[in-house]
Amino acid sequence: MSLLAAMFVLAGLYLLMQAYLVALFQIIIYIGAILVLFIFVCMLLNVKKMSLNPMPTRINLVIGIIALLITAAMSWLSWQIFRGSNFMRQEISLQPETGIKEVAIDLFTRHLLIFELTSVLLFVAAVGAIYMSRKKREDVS
Amino acid sequence: MTLYHFIGLGIMLFAVGAAGFFIRNNTIVLLICVEIMLNAVNLIFASFARYLHGTEGQIFIFMVMTVAAAEAAIGLAIIITLYRQVKTLDMSKITLLKG
């Protein structure tokens with residue numbers, strides 16, 4: 001539920017920075033497909049009590065803290081790189097915007113190959129998911 | 001609302017996803033943390049695309065969303081198959097590959 005709220009908020013943020021196509025993709029693909037898939041799997045597995053959370057083991061906590069430290073280091077490094085740049089000081093509403101038309105033209109002319117390759121990737125993923133989640137019969141060896 | 005705010009939010013989302021991936025025990029929650037991390041990366045891509053006046057950031061967001069959808073489908077199929085075998089969702093109890 002909180003992931004649903006977070007994705008809606010992210011779609012609102014994309015609308016705020018005038019990336020309308022990205023906001024639409026976020027709502028249609030992430031909320032409308034991936035989260036619905038999660039809900040289907042939760043209903044399929046029929047997990048009654050989701051309180052399977054004992055206290056995480058000590059090695060898990062250590063690795064979690066190490067992950068937070070690595071993220072802090074990456075953010076500090078990016079702060080050091082972009083600190084003196086000029087474009088960071090300007091307000092976000094004063095930049096010239098790139099609308100849906102420019103993104104669509106760029107997607108279908110310059111980045112056509114990766115667009116077709118993602119369709120192949122989706123096909124492979126769909127075939128793999130269907131193959132893996134079928135019920136095995138006894139005559140299939 | 002400068003670029004700093006968007007990048008900061010993206011980094012915090014990524015940290016939440018990364019820390020939650022290592023701390024939580026439930027298999028479905030692990031996949032949700034992966035989705036959180038991918039959303040954070042999408043936010044950073046979109047904010048840089050806005051500030052560098054280009055469209056490559058938004059196009060790469062499209063690719064990242066597609067890969068995230070494919071990976072969520074495969075991951076959930078793996079979880080279904082795993083649940084049929086071991087009948088639990090607790091990752092600390094799945095120790096078949098432990099040395």
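**Residues and interface**

Analyst: Ile70(A) counts as partly exposed because its relative accessibility is 48% (buried is under 20% relative accessible area, exposed over 50%, partly exposed in between, with a 1.4 Å probe and protein chains only). Keep in mind that this is a predicted model: local features need pLDDT of at least 70, side-chain atom pairs count only at pLDDT 80 or more, and totals for chains, interfaces and linings use all residues. Residues are numbered from 1 along each chain as its sequence is written, chains are lettered from A and ligands numbered from 1 in the order in which they are written, and side-chain values use heavy atoms, with hydrogens and water left out.

User: OK, where is Ile70(A) found?

Analyst: In helix 3 of chain A, residues 58-81 (helices are DSSP runs of H or I, at least four residues, and strands are E runs of at least two, numbered from the N terminus). From Ile70(A) to Ile28(A) is 42 residues in sequence and 32 Å in space, C-alpha to C-alpha.

User: Switching to Thr66(B): buried or exposed?

Analyst: Thr66(B) has 8% relative accessibility, so this residue counts as buried. Thr66(B) is in helix 3 of chain B, and its side chain reaches the backbone oxygen of Phe62(B) at 2.7 Å.

User: And what does Thr66(B) touch, leaving out residues up to four places away in sequence?

Analyst: Thr118(A) and Leu122(A), where contact means heavy atoms within 4.5 Å.

User: Now the interface. How many residues does each chain bring?

Analyst: Chain B gives 60 residues and chain A gives 68. The two chains bury about 6,200 Å² between them, 75% of it on carbon and sulfur atoms (that's the accessible area, 1.4 Å probe, that two parts lose on being put together, summed over both). On the chain B side, Tyr4(B), Arg50(B) and Met65(B) lose the most area to chain A, together 12% of what that side buries.

User: Which side chains meet in a salt bridge?

Analyst: Arg110(A) and Glu56(B), at 2.7 Å, N to O. The count between the chains is one salt bridge, meaning a side-chain nitrogen of Lys or Arg within 4 Å of a carboxyl oxygen of Asp or Glu.

User: Which elements of chain B give two or more residues to the side that touches chain A?

Analyst: Helix 1 (3-23), helix 2 (27-51) and helix 3 (56-86) of chain B. Helix 3 of chain B supplies the largest share, 23 residues.

Methods. A polar contact is a pair of N or O atoms within 3.5 Å; within protein, one must be able to donate a hydrogen and the other to accept it, and residues adjacent in sequence count only if both atoms are side-chain atoms.
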